[in-house]
Amino acid sequence: MREYRIGRGDYIVGGAHTLPFLAMDGAGRIRPPVFGEVWARAEGRPDMLPEIFSEMSEDPLGWAIAWRGLGADGVLMRVGDDPEQAASLVRMASDATFMPIMVSASGNHAEVYRAVADAVDDSILILMCPDTDSMWYPSPRSSASDHRHA
């Protein structure tokens with residue numbers, strides 16, 4: 001697998017020749033990054049979140065900042081289907097944490113990814129592809145490549 005720089009260029013992912021955490025098989029010299037998950041909307045969140053994160057589970061930005069304090073290497077932002085709201089949240093999280101951000105959108109993926117990619121121009125994001133059940137959506141690839149995002 002090729003190496004990629006993400007975030008503000010200070011994180012490297014990839015470079016392995018096998019699955020992560022299999023050092024005996026020559027997994028590579030770069031430790032796989034650990035991303036903390038943030039849900040922007042209450043729908044679909046695991047029930048145990050309020051117990052673990054208390055009131056932060058209702059504040060996606062505070063939750064993203066908390067992951068930095070817990071030692072995560074990056075943040076997976078599960079944003080909704082509102083392009084403006086998603087772009088604003090991801091921009092604020094990127095500015096507040098200075099960590100790599102992975103974005104997973106629901107609804108109209110292409111519009112959300114385009115808005116997020118346009119909003120964050122000083123960090124390389126990871127834009128997750130839609131699941132196989134919704135592959136008819138346009139790929140986020142064009143939004144990503146226009147802005148150096150992965």
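Two bridges join strand S5 (residues 101-104) to S6, and the two strands run parallel. In this predicted model, Met102 stands opposite Ile126 in S6. The pair belongs to an open sheet of 4 strands, ordered S3-S4-S5-S6, with parallel pairing. Its edges are strand S3 (35-39) and S6, each of which pairs on one side only. Strands of a sheet pair through backbone hydrogen bonds, in either parallel or antiparallel fashion.

Now step back to the whole chain. There are 5 helices and 6 strands. Along the sequence they follow the pattern β-β-β-α-α-β-α-β-α-β-α. The chain has 150 residues, and buried residues make up 40% of them. Take the contacts in the chain with a separation of 6 or more: residues 24 or more positions apart account for 65% of these.

The antiparallel case is found at strands S1 and S2. Strand S1 (residues 3-6) is joined to strand S2 (residues 11-14) by 4 bridges, and the two run antiparallel. Arg5 has Ile12 in S2 as its bridge partner. The two strands form a hairpin with 4 residues between them. Gly7 of this hairpin takes a positive phi near 70 degrees.

Gly71 follows H2, and its phi is near 95 degrees. Helix H2 itself spans residues 60-69. Which of its residues are buried? They are Pro60, Gly62, Trp63, Ala64, Ala66 and Trp67. An α-helix has 3.6 residues a turn, so residues three or four places apart point the same way. Compare that spacing with the buried positions: Pro60, Trp63 and Trp67 are among them.

Next, follow a link between a helix and a loop. Arg91 lies in helix H3 (residues 83-97). Asp122 sits in the loop between helix H4 (109-119) and strand S6 (126-127). The two residues are 31 residues apart along the chain, and their C-alpha atoms are separated by 9.7 Å. What do their side chains make? They make a polar contact, at 2.9 Å.

Are the two partners buried or exposed? Arg91 has a relative accessible area of 17%, so it counts as buried, the cut-off being under 20%. Asp122 has a relative accessible area of 35%, so it is partly exposed. Leaving out residues up to four places away in sequence, Arg91 touches Arg8, Ala119, Val120, Asp121 and Asp122. Among these, Ala119 falls within helix H4 (109-119).

Last comes the empty space inside. Rolling a probe the size of a water molecule over the atoms shows where such space is left. How many cavities of 30 Å³ or more does a search of the whole structure find? The search finds 1. The largest cavity holds about 50 Å³ of space. Its lining consists of Ala40, Arg41, Val79, Gly80, Asp82, Gln85, Ala86 and Leu89. By class, the lining has 4 nonpolar, 2 polar and 2 charged residues. Some lining residues, including Gln85, Ala86 and Leu89, fall within the range of helix H3 (residues 83-97). Arg91 of the polar contact with Asp122 lies in that helix too.

How values were computed. Residues numbered from 1 in each chain as written. Predicted model: local features only at pLDDT ≥ 70, side-chain atom pairs only at ≥ 80, totals over all residues. Heavy atoms only, no water. Buried < 20%, exposed > 50% of the residue type's maximum accessible area, 1.4 Å probe, protein only. 1 Å grid on protein atoms, 1.4 Å probe; cavity = no way out; pocket = protein on both sides within 12 Å on 5 of 7 lines; lining within 4 Å. Points joined across faces, edges and corners; volume = space filled by probe spheres on them. Nonpolar A, V, L, I, M, F, W, Y, C, P; charged D, E, K, R; others polar. Polar contact = N/O pair within 3.5 Å; in protein donor to acceptor, adjacent residues only side chain to side chain. Contact = heavy atoms within 4.5 Å. Pairing = 2+ DSSP bridges.
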